[in-house]
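Have the viewer open and follow along, section by section.

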Amino acid sequence: MAALTGAGISADSGIPTFRGKDGLWRRFKPEELATPEAFQRNPELVWEWYEWRIKLIKEAKPNPGHLALAELNRMGIVKCVVTQNVDDLHERACTTCLVKLHGDIMTARCTSCDFEIKWKDVPKGVPKCPACCSPLRPAVVWFGEPLPQEALERAERLFSEARAAMVIGTSAAVMPAGKLPLLTKSNGGIIIEVNPEPSALEPYVDIAIRERASVALPRILEEVRKLYNSNKT
Ligand code: OAD
């Protein structure tokens with residue numbers, strides 16, 4: 001099984017989603033904060049917004065949903081977790097196989113050279129590259145930018161080969177990530193959705209678990225463990 005996660009899995013860790021009732025894109029304009037043009041126009045404003053988000057993420061902890069998914073991954077039930085999230089909660093939950101499609105908010109990269117840095121502390125203002133003095137930018141994918149090619153190809157392979165795609169906490173509104181589970185479906189597999197609300201994938205979903213990820217995933221793990229134990233005896 002391959003898993004695709006979105007902002008909903010981190011919602012119970014206190015990190016806002018993008019499109020929900022209290023979603024970030026209800027309060028902020030993506031064209032002012034999450035495009036290369038926005039960064040060129042006003043890097044101070046963009047960094048201010050990322051500084052706030054980095055702080056939120058640093059204070060957050062993986063919730064039982066992240067932990068259960070990491071355990072399913074460790075057991076080999078979930079071969080790999082593909083995430084659209086830029087937070088580091090899957091890493092902190094010790095997920096063993098993780099593909100990050102939209103980059104990593106805890107990393108910054110130079111706008112001119114190859115320099116990259118992983119943040120320990122929250123950056124202040126517009127950080128400068130120590131190698132060439134150009135501004136650093138968050139190492140995330142912004143609107144209008146391509147996804148990292150290697151990560152996308154790996155994710156496509158995983159979902160094409162999987163017999164089941166588990167889709168957790170994503171509206172599946174953003175492409176190409178939202179289409180990945182359809183690769184599983186078109187190769188004869190099934191789609192399982194963990195989300196209190198139906199996503200754009202609803203017409204293709206075989207099993208819908210209308211529950212929060214932090215509740216549903218530990219239950220799935222418990223059931224899998226029971227099956228494992230009953231097979232052993
Ligand atoms: P969205 O905000 O679009 O969708 C969040 C989904 O999580 C919704 O379908 C909610 O119903 C669901 N949800 C909310 N709470 C949940 C919970 N406790 N458990 C499970 N599900 C829950 O977020 P994404 O689909 O991740 O792009 O958005 C995709 C991309 O759009 C993001 O990666 C970001 C954004 O623009 C970039 O940053 C490039």
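## Ground rules

Two strands count as paired if DSSP finds at least two bridges between them. Helices (H or I, at least four residues) and strands (E, at least two) are DSSP runs, numbered from the N terminus.

This is a predicted model, so to speak of local features we need pLDDT of at least 70, and side-chain atom pairs count only at pLDDT 80 or more, while totals for chains, interfaces and linings use all residues. Residues are numbered from 1 along each chain as its sequence is written, and side-chain values use heavy atoms, with hydrogens and water left out.

Zoom in on strand 7 (residues 164-168) and strand 8 (residues 190-194), which pair in the parallel sense over five bridges. Within that pairing, M166 has I192 of strand 8 as its bridge partner, and V167 has E193. In a regular strand, side chains alternate between the two faces of the sheet. How enclosed is strand 8 by the rest of the structure? Largely, because four of its five residues are buried. Buried here means under 20% relative accessible area, with exposed being over 50% and partly exposed in between (1.4 Å probe, protein chains only).

## S214 in helix 10

S214 has its place in helix 10. Is S214 buried or exposed? S214 is buried, because its relative accessible area is 13%. Leaving out residues up to four places away in sequence, S214 touches D12, N63, P64 and G65 (contact means heavy atoms within 4.5 Å).

With D12 there is also a side-chain to side-chain polar contact of 2.5 Å. A polar contact is a pair of N or O atoms within 3.5 Å; within protein, one must be able to donate a hydrogen and the other to accept it, and residues adjacent in sequence count only if both atoms are side-chain atoms. As for A3, 211 residues from S214 along the chain, the two C-alpha atoms are separated by 15 Å.

## Around the ligand

There are 22 residues around the ligand, and F18, R19, T170, S171 and N195 come nearest. A residue makes that list if one of its heavy atoms lies within 4 Å.

Which ligand atoms do the polar pairs involve? In the side chain of S171, an N or O atom is 2.6 Å from an oxygen atom of the ligand. The side chain of N195 has an N or O atom 2.8 Å from a ligand oxygen atom, and G169 puts a backbone N or O atom 3.2 Å from a ligand oxygen. The ligand taken alone exposes 800 Å², and the protein buries 90% of that. Such areas come from the Shrake-Rupley method with a 1.4 Å probe; for residues, only the protein chains shown count as cover.

Strand 4 (residues 103-110) pairs with strand 5 over three bridges, in the antiparallel sense, and the two form a hairpin with five residues between them. With strand 6, strand 4 makes an antiparallel pairing over five bridges. A108 is a handy landmark: opposite A108 stand I117 in strand 5 and P138 in strand 6. Strand 4 is largely enclosed by the rest of the structure, because seven of its eight residues are buried.

T35 is found in the loop between helix 3 (30-33) and helix 4 (36-41). T35 is buried, with a relative accessible area of 10%. Not counting residues up to four places away in sequence, T35 touches P30, W142 and F143.
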